[in-house]
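Subject: Structure handover

Hello,

Here is the structure for your files. My notes on it follow below.

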Amino acid sequence: DRRSAEGMIHGVVISLGNPNAPDAAKLIEASHNLILDLFPAEDNYALSTDELCAKNVKFFVANYNGQIIGCGALEIKKDYGELKSMFVKESMRGQGIAQQILNEIIQRAKNEDLKILKLETGLKLDAAIRLYKRNGFTFCTSFGDYKKNMTSIFMTKDI
């Protein structure tokens, strides 16, 4: 077993990736399907694969034993960075992979001279909300083009 005392699996490599790569595309599709199962379509703000390929988006993958097992993205806006498309393969959850992806995104945001990270997530995504709270994100009002709705929550963190 390759886990640290904190339960974090070792040997995971987080790097920039291509959303169109087959393994990454499968994760993005699984993420989108989960969101569609849990939330009304009008409350779905997931970026499409094409949007994840935009110049202002840094798409990260978590690679373990030659397989892409997680992903996340940083969308660089004028005054802040937005965390997007955080997702870990179901069989690999609870092993610190989302934390490792988030660490990389926070570091990249700092490297881009961003001072604030923001995110939108769903009320039913308890594990994600716990991860963000553990990392210093606090609840805030809607931002950007988001409309207030009954299923989204918004969070922010100064970095």
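Two strands are said to pair if DSSP finds at least two bridges between them; helices (H or I, at least four residues) and strands (E, at least two) are DSSP runs, numbered from the N terminus. This is a predicted model, in which local features need pLDDT of at least 70 and side-chain atom pairs count only at pLDDT 80 or more, while totals for chains, interfaces and linings use all residues. Residues are numbered from 1 along each chain as its sequence is written, and side-chain values use heavy atoms, with hydrogens and water left out.

Confidence: pLDDT is the predictor's confidence in each residue, from 0 to 100. The chain has a mean of 90, and 94% of its residues reach 70 or more. Helix α1 (residues 22–38) has the lowest confidence, at a mean of 85, and strand β6 (residues 138–140) the highest, at 97.

Overall: there are 4 helices and 7 strands, in the order β-α-α-β-β-β-α-β-α-β-β from the N terminus. The radius of gyration (over C-alpha atoms) is 15 Å, close to the 15 Å from the globule rule (2.2 Å times the number of residues to the power 0.38) for 159 residues, so the chain is as compact as a globular protein of that length. Buried residues (under 20% relative accessible area, 1.4 Å probe, protein chains only) make up 45% of the 159.

Sheet: the 7 strands form an open sheet with mixed pairing, ordered β1-β2-β3-β4-β5-β7-β6. β1 (13–16) and β6 are the edge strands; each has a single partner, so one side of each has no neighbour in the sheet. On average, neighbouring strands are turned by 30 degrees against each other, direction ignored. β3 (residues 67–76) and β4 (residues 81–88) pair in the antiparallel sense over 6 bridges; within this pair, Ala 73 has Lys 84 of β4 as its bridge partner.

Helices: axes are lines fitted to C-alpha atoms, for helices over the stretch in contact (heavy atoms within 4.5 Å), with angles from 0 to 180 degrees between N-to-C directions. α1 lies across β2 (57–64), β3 and β4, at about 70 degrees to β3. α3 lies across β1, β2, β3, β4, β5 (116–122) and β7 (152–158), at about 160 degrees to β4.

Just after α3, Asp 113 has a positive phi of about 65 degrees.

Regards

Conventions:
Buried < 20%, exposed > 50% of the residue type's maximum accessible area, 1.4 Å probe, protein only.
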